[in-house]
Amino acid sequence: MKIPTPLIHRYILYTKLLLFFGLIASCTKDPVREVTVSPPDTTTVPVSYKNGIFIINEGNYNWGNASVSVILPDKNLVIQDIFQKANSRSLGDVAESMKIKNNLGYLIVNNSNRIEVVTVDNFKSLTTIPGLNSPRFMEFVDSTKAYITNLQKNITVIDLRSNTISKVIKTATWTENLLKYDRYMLVTSIGKFSDPTSDRVPVVYVIDTQTDQIIDSILTGKEPIGMVIDKKQKVWVLCSGGYDNFEQPSLLRINPELRIIEKKFTFTEIGKVPSKLCINPTGDTLYYLNGGVYMMAVSASALPSQSLIPSEGRLLYGLAIHPLTGHIFVSDAKDYVQNGTAYQYNHTGTLLKEFQTGRIPGSFCFSESKSK
Amino acid sequence: MDSGLFIPNLRSDLSRIISEHSTIFIKSYGNGTLATPSFRGTSAQHTQVEWNGISLNSPMLGQMDFSQVPVSQFDGLEILYGAAGIARTSGAFGGIVDLITMPDWNNRINVLASQSIGSFSIYTTNLNLCFGSEKLQSHTKWNFTSAQNDFPFTNNNGVEVKQENASYYQYGLSQELFWKFKNRHLFSAKVWLSEDNRNLPPTTSNLDTNKTEKIHDRAVRAVLEYKLVDKGYNLLIRSALNDQYMNYSNSTIDMNSVHQTYSWINRIRFTWSKIKNLKIKPGIDFTYDWVRSDDYSGRKTRSLTSLFVELNYSFNKHFHSSLVLREDIIDFSLNPLIAALGVEYKPFNKYNFMLNLNLARNYRYPTLNDLYWQGAGNPDLKPELSYSTEAGTTFNWESKNKIVYLESNITGYYTWLYDMITWSPVEGNSALFKPENIDEIHARGIEAGLNLLLRISGFTIGWKNNYHFCRSTYEKANSTYDQKIGKQQIYIPENTLNSTLSIEKWKFFLNYNFFYVSARYTGKDNLTMMPGYNLSNIIFGKNITLKNFILSLQLDINNLFDLDYQSVASRPMPGINYSITVKLGFSGTKN
């Protein structure tokens, strides 16, 4: 059929007009939610995250933009927001940390008050453990049981067979880091959240994992936020001193058998708050952030005065040591209002690679197949 | 200089009135919660909100929450853009919104009672009593709102839930007296009490929360004013007290903090116009802020003395100019001079067509939180500096038979903002946020307005349009790793359009409001954003008058197309919702 030319013109005009109004009106179709402008990766082929290095991006408090990025070293690839991609929903508000056991990933989402359990290979959600009280960190007792620390005065015990809460261990104050030692779980406690002053009583609780009872506590410096164990079975506790420098930060060496402090190193620099205490795979070298990345042998007699990796204007925020290679993974959270960057250095501080991340990259998690 | 005065009809939402009459973008965190204004690509702290010329911005935060302002307490709204604000105060880089009350000397008695019932159990009651003579007028206004505000929304996990912990109540009581003496002297005394108690709802991703977070605000504002109007000069003397109490509590973190501020605000203005074509307006302002906060160590005070002069000179009847100079003295230390220069050109006698050009330099001082917040406050902050320029035209036209009335304006502006105070994490201590003079912002844009009024065969048809294009970008990086240079400021849209069509006939009224906002970025690197959306709202009603009585029935339908949207990420907004308002009034005027 032949259409008269003017009619076609009119038709085209109408179509253009429709398109124009459609552009405005099209927003009404889908729910208006935060989106990524142009995803930096274009991966469409299904990949397995089995050997991945996971970057947990906290996201901004109350913005609901927590995410997980994964580095696939074999493929030399980084993929953003894999939880959203696998489950068509966002991870939640403030993802604090991640742990892997039996090929399951446990994502601790602090301000969503839950743990998302995913299959590590594809990040598909398996189940959700709700009802926590601002959870922070997780540590496995064995393959059936794990402990979770909370801002709100308790430690939650999870039954890993059913992925449900089995018990709650009441504490006086906010609990933070966990470390398994023998049949005990050591848990740092910072003090009362609402009282960020000198009145906070910081301790390391000693919990008998068979009875789930607090059996002892060791008094530490203000804000014990980091804890690792070295090759000689000595526990190192990093005390930040408090974000407002309530006291000088300190690094303690605890004898977990005698439950006493054997050594105390005091930071003299005012205004900085050391954090993210890590240890290398051989258990003889400590790493921490204090602006830049610092390295210290467990046998050292003083704190290092020079950083291994200077911050150079970056806001270094997350730090982890690869459990096999000993490579240093450190993240830059920038000003918290833009996406971050992660850097991979070798153990002597030579930059190897850098990766894009999501908002506020705070912690790393290495896949099970590569951990000890 | 740009300004406008509007008399809103009695609707309850200030945010909507402002966006209908201006290009101000209101960032809303949800129904009944925080709503902050942004003028011309600047932040809420660059907008001064006033009540009869008295600043309502908190001296602690430097901004005002529009959700705390009940419209029924005011008779009008004045908006000053950009440089025009320098005549009132310093630091309002964006502009000024003034909520005003004024007497009607012809009024003898006016009683108004209104009740509205809305979706999500939102109830508002207003009672107004205004009476007096041609010399003395008294206004008494009372408002009360209680809201369950439990609207359904889809949470982060795709589950439809009802909003919890979102209820609020708000009441206000004001008493005003106006006394006119010998037609030259005007005395007024005003007191406004307000209180609100708001539960703050969790975000869409803050699940299973058992927390209760709430804010309790209480304010007492009182003002005494004297105005003298005489041939060749006038005088204004005003003294006001603003007492604001705020209690924030959050059970999750056992937090309960109280903030109490008192401000004593004084103004003297003199206008002298005895020389032909010249007006000289010297003045002095004195403000004293006193704050006691659980988050400050000890009591903090600040005094601000401001010396001011405005000169208006008309070269001829086409060409007018103005110069404003302001010198601020804060706690006995002199600050750099603030200045604005404006010219206005009306080329035609026949047509109401005007061109104007303004240049300004302005400073904004750090807020008391910026200076004194415990553990974070930074006493070394410099004031923010801005240079701005704007050029615009207005054209108003009325047909000879008075059937068509047209108002149009278009303005282009460019603002350079230096040393903007930004709260950022501290290197080496990422748990601590500190305010620093970090950002440099360039904001430029175009504002266009077109209003049409048609009176034809008993119909009154009004069509109001405001469009704003704004590029407000970061121009300085914090480090070489910073990705924000040249990127749009977060939560500032590039395009906003507001269009309102109103039709009146046989005392029926219909008002259709269309609002479009383009995408707002949520990251300074502009890699994440909230998509743009449009909303439609409708008001339909009828007025019935019988002698001196008026009965008015009104139906409001908000979010007509039931859009599932968020204006701010993770903050739910209600879908389609309704309210019905019944007003009953009695009025008697002179004769």
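**Exercise 1.** In what order do the 4 strands of the open sheet in chain A stand, and is their pairing parallel or antiparallel?

Solution. The model is a predicted one.
- Step 1: Reading across the open sheet of chain A gives β13-β14-β15-β16, and the pairing is antiparallel.
- Step 2: The edge positions belong to β13 (174-181) and β16 (213-219) of chain A; each has a single partner strand, so one side of each is left without a neighbour in the sheet.
- Step 3: From one strand to the next, the twist averages 25 degrees.

**Exercise 2.** State how many bridges join β14 to β15 in chain A, and find the bridge partner of A:Leu186.

Solution.
- Step 1: Strand β14 of chain A covers residues 184-191 and strand β15 of chain A covers residues 203-208.
- Step 2: These two strands run antiparallel and are joined by 6 bridges.
- Step 3: A:Leu186 has A:Val206, in β15(A), as its bridge partner.

**Exercise 3.** Describe the side of chain A that touches chain B, by elements and by residue class.

Solution.
- Step 1: Contacts between the chains involve 51 residues of chain A and 53 residues of chain B; a contact here requires C-beta atoms within 7 Å.
- Step 2: On the chain A side, the elements giving two or more residues are β1 (35-36) and β26 (339-345).
- Step 3: Sorted by class, that side of chain A holds 22 polar, 16 nonpolar and 13 charged residues.

**Exercise 4.** Which strand of chain B is joined to β1(A) by bridges?

Solution.
- Step 1: The strand is β31 (residues 528-530) of chain B, joined to β1(A) by 2 bridges.
- Step 2: β1(A) and β31(B) run antiparallel.
- Step 3: In β31(B), B:Met529 is the bridge partner of A:Val35.

Terms used. Residues numbered from 1 in each chain as written. Chains lettered and ligands numbered in written order. Predicted model: local features only at pLDDT ≥ 70, side-chain atom pairs only at ≥ 80, totals over all residues. Pairing = 2+ DSSP bridges. Axes fitted to C-alpha atoms, helices over the stretch in contact; angles between N-to-C directions. Contact = placed C-beta atoms within 7 Å. Nonpolar A, V, L, I, M, F, W, Y, C, P; charged D, E, K, R; others polar.
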